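This report describes the fold of one protein and several of its local features. It is intended to be read alongside the sequence and the coordinates.

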Amino acid sequence: MVKIIEPSFEILTPLDGQQILKHIERCGRTCYQSFDKADETSAERFARHIVERHHESVIEHFSISVKLITDRAIANEIVRHRLASFSQESTRYCCYSHHKFQGEISVIKPVELDASSKAYQYWFDAMLEIEKTYMKLIELGEKPETARSVLPCCLKTELVVTANLREWRHIFDLRCSPAAHPDVRALMCSLREAFRQQIPVLFEEK
C-alpha cells in the first residue's frame, strides 16, 4: 500500500543565534579592523549593519545543513541552487521492495490537491498502479535503477542541503515568493520561520 507522508525538515546544524552572530562579527570586523568596538551586545548591531549595507559576503562564513523530506519534483528545484552542497536519497540504490521500506513507495500529496476531491482519488489510484508496476519489475529481476523509471515526481525523497547564510537568504527569497511552486513555498516558508526564530536579524521577512 502506498504511504502518503507530509513534507518536513530537520535542521542538522546545532543553532545558537547569538554565537552565530558573534562568529560573523569576528569575521566581518577583519574588514574594518574594528575589533576594539566589539562587546557583549555588538554582534546583532554589526550583523544588521552589514546586511543593510549589502556587505553579505561576511555572512558566508557560517553554513547550515538541513535535511528536507519532500518530493522528487521539489528536490529538483532545490538542487538548482549553485552555492550549496547536496546529498539525496538515491532511487538507483534504494530498492523500495525491501523490508526497510516496508515494501512500499512513499509519496507526498500536492498541497493544493484536496483529499476529499474526485481528483485526489484519481491521483491516489495512479499511485497504487505505479507502486504495483514498480514492485512487479523488481519481482521480474529488474534492478532498482531500471524499475525507477516508472516512479512519480511526487515520490518522497530525503535531501540534505548545506549552504552558507547568504545562500539560504537567496534560497528563501526565491522559494518563499508568491510566484514559487505552492509545495516548495509551503516547505521553505516553514524553514525560514525556524531560521528566523534563531537568527532573526538575518532572516527578517522582506
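In strand E6, valine 161 is the bridge partner of phenylalanine 86. The model in which this pairing is seen is a predicted one. Strands E4 and E6 are antiparallel and are joined by five bridges. E6 also pairs with E3, again in the antiparallel sense, over nine bridges. Within that pairing, isoleucine 64 stands opposite alanine 163 of E6. E3 is in turn joined to E2 by four bridges, and these two strands run antiparallel. Here phenylalanine 9 faces leucine 68 of E3 as its opposite residue.

Taken together, these pairings belong to an open sheet of four strands in the order E2-E3-E6-E4, with antiparallel pairing. Its edges are formed by strand E2 (8–11) and strand E4 (84–88), each of which pairs on one side only. From one strand to the next, the twist averages 20°. The table lists the pairings with an opposite residue pair for each.

| Strand pair | Bridges | Sense | Opposite residues |
|---|---|---|---|
| E2 and E3 | four bridges | antiparallel | phenylalanine 9 and leucine 68 |
| E3 and E6 | nine bridges | antiparallel | isoleucine 64 and alanine 163 |

Helix H6, residues 165–175, lies across E3 and strand E6 (156–164), and runs at about 130° to E6. Helix H7, residues 182–198, lies across E2 and E3, and its direction makes an angle of about 150° with E3.

Aromatic residues form a further group of features. The structure holds ten aromatic pairs. One of them joins tyrosine 96 and phenylalanine 101 in an edge-to-face arrangement, with 4.8 Å from centre to centre and 70° between the planes. Tyrosine 96 and phenylalanine 101 are both buried. Another edge-to-face pair consists of phenylalanine 195 and phenylalanine 203, whose centres are 5.2 Å apart and whose planes are at 85°. Phenylalanine 195 has a relative accessible area of 0% and is therefore buried. Phenylalanine 203 likewise counts as buried, because its relative accessibility is 3%, and the limit for a buried residue is under 20%. Phe195 and Phe203 also belong to one aromatic cluster together with Trp168 and Phe172.

Which strand holds isoleucine 5? Isoleucine 5 is placed in strand E1, residues 3–5. Isoleucine 5 and isoleucine 108 are separated by 103 residues in sequence, but their C-alpha atoms are 5.4 Å apart in space. When neighbours within four places in sequence are left aside, the contacts of isoleucine 5 are Ile69, Ser106, Val107, Ile108, Lys109 and Lys156.

Most residues other than glycine have a negative phi. Glutamine 33, which is not a glycine, has a positive phi of about 50°. Glutamine 33 is located in the loop between helix H1 (17–32) and helix H2 (42–52). Is this glutamine 33 buried or exposed? Glutamine 33 counts as exposed because its relative accessibility is 54%, the cut-off for that class being over 50%. Histidine 54 also has a positive phi, near 60°, and is a residue other than glycine. Histidine 54 is found in the loop between H2 and strand E3 (63–71). With a relative accessibility of 64%, histidine 54 counts as exposed.

The remaining values concern the protein as a whole. The protein has seven helices and six strands, which follow the pattern β-β-α-α-β-α-β-β-α-α-β-α-α along the sequence. The radius of gyration is 21 Å, well over the 17 Å that the globule rule gives for 206 residues, so the protein is more spread out than a compact globule. Along the principal axes, the C-alpha atoms fill a box of roughly 70 × 35 × 25 Å. Of the 206 residues, 44% count as buried. Among contacts with a separation of 6 or more, 74% are accounted for by residues 24 or more positions apart. The accessible surface comes to about 11,500 Å², and 51% of that surface belongs to carbon and sulfur atoms.

Key:
Residues numbered from 1 in each chain as written. Predicted model: local features only at pLDDT ≥ 70, side-chain atom pairs only at ≥ 80, totals over all residues. Heavy atoms only, no water. Buried < 20%, exposed > 50% of the residue type's maximum accessible area, 1.4 Å probe, protein only. Phe/Tyr/Trp six-rings, centres within 6.5 Å; stacked < 30°, edge-to-face > 60°. Pairing = 2+ DSSP bridges. Axes fitted to C-alpha atoms, helices over the stretch in contact; angles between N-to-C directions. Contact = heavy atoms within 4.5 Å. Rg over C-alpha atoms; globule rule 2.2 N^0.38 Å. Areas by Shrake-Rupley, 256 points an atom, 1.4 Å probe, with all protein chains shown as cover.
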